[in-house]
Amino acid sequence: MLHLDHLYRVAFHLVKEPDQAQDLVQETYTRALSSYEQFATGTHLKAWLAKILHNLFFDHYREAKRWLSVEENKVDEGWDYRENIPRENRGPESDILNKELSNKITDAIKKLPEEFRMPIILVDVGDFSYAEAAEILSCPLGTVRSRLFRGRQLLRERLKDYAEAKSKQRK
Amino acid sequence: MKCEEAGELVTALVDNQLSALERAAIEAHLKNCSSCELVYRQQLALKSEIRRAVADLKAPVTLRKKILNDRRIRPRQPVVENRPAWRVIFSLRSALAVALLVVLALPVLYVMKTDREPVSVSALEIHQRIVRGEVSVIKAGSAEELKDSLYRSVAGSFAPMTYDLSKIHLKPVAGTVQEVNGRKLLVTIYAGAGATVTCYTFLGMEADAPPTADRFYDTNKKINFYAYSHDGINAVMHREGNLICILASTMPTSELLALARFTT
């Protein structure tokens, strides 16, 4: 099934629970197949599916408030969270830490304010180009770029808190 | 350029989404601004970590089944019409002709498929085995020694293609020779900050690209680049003379494509 994994990754980071991600993707394929005549030749199929998914999320899941609440955080420049995180797979302990880091990254993305979360999910998780992300979000390309910058800074700030807590635990 | 203006360009540089003019401007700024250069490295690392975090996330099998069994998306039943007997016979003849064609063509397609697909797709499977540490590798003191060692392992018939990936903090650390369907693949393994990239060189042609690969034509270099993915590993393939080169990694396709285009 074309692009299923990509769409699931995007949905997984949009909604609160994995079950909801499955429902969202299933609904996306249903809508896509029932309105395939609207698919314009030359359009990237993955981007078209993602736009349907985004619209569904916006219309239903967002209204139902089935996503995590967000907290604003200030951005602290000049700190590299990687300094405290093991880099390579070097054994079971490292695997556990990497898995923990993956979960933290997913959680941190889910907790970003929506305007910053969507570009990060589309570009970093979904591997869409800026032009495709702009089309999916129905916003100018420059907006995608500026929100990505701000969103990544926020994300880095939140992962910094995690890395510092881990560092304190080790001491 | 002021640092306030550089932030968004840094982000777009990380994603390889800049025009040539913008790229030149931000790269010039980064050479003279350590704080923006730090932001660039941080964003690059963050993107790499996100990619790594989501690489193993796949749609559950149950979801696939649910979609396929969804009554709403089952194809509509064809409308049955009363057709004259001669049309039915004609349809039967057409069906038989198609069936015959399929029977005749299948072996040919199978030979083409077995000859074409495995090498480029196998490269990605080899990549996964290398990352898991399941492949014995040749380690060398320098890139030149490694290249020489791989070159000698195929009796000097061809040399591995090499890339300068130092800009993204990757260097050649090891190599290996793999054989797929009787064809020798020279593999150079690049490792460093946040990623592993494997580079495959072998004798071949552009038909070795998977049929489903996306093709990108570089008008300056006049080279076709083929991008494809398998099991979360992305790859970009191109041909130089009678040699095929494949770059494989969990890095986004856009980044791999940029690497292949700007370092060849």
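Start by selecting α2(B) and α3(B): α2(B) passes α3(B) in a left-handed crossing (the near helix is turned anticlockwise from the far one by less than a right angle; clockwise would be right-handed). Helices here are DSSP runs of H or I, at least four residues, numbered from the N terminus. This is a predicted model, so local features need pLDDT of at least 70 and side-chain atom pairs pLDDT 80 or more, while totals for chains, interfaces and linings use all residues. Residues count from 1 along each chain as written, chains are lettered from A and ligands numbered from 1 in the order written, and side-chain values use heavy atoms, without hydrogens or water.

Now show side chains: His29(B), Leu30(B) and Asn32(B) of α2(B) meet Ser34(B), Cys36(B), Glu37(B) and Tyr40(B) of α3(B) (contact is heavy atoms within 4.5 Å). That set splits into three nonpolar, three polar and one charged (nonpolar is Ala, Val, Leu, Ile, Met, Phe, Trp, Tyr, Cys and Pro; charged is Asp, Glu, Lys and Arg; the others, Gly among them, are polar).

Next, select α1(B), residues 3–14. Just after α1(B), check Asn16(B), which has a positive phi of about 55 degrees.

Notes
Helices (H or I, at least four residues) and strands (E, at least two) are DSSP runs, numbered from the N terminus. The expected span of a helix is 1.5 Å times one less than its number of residues.
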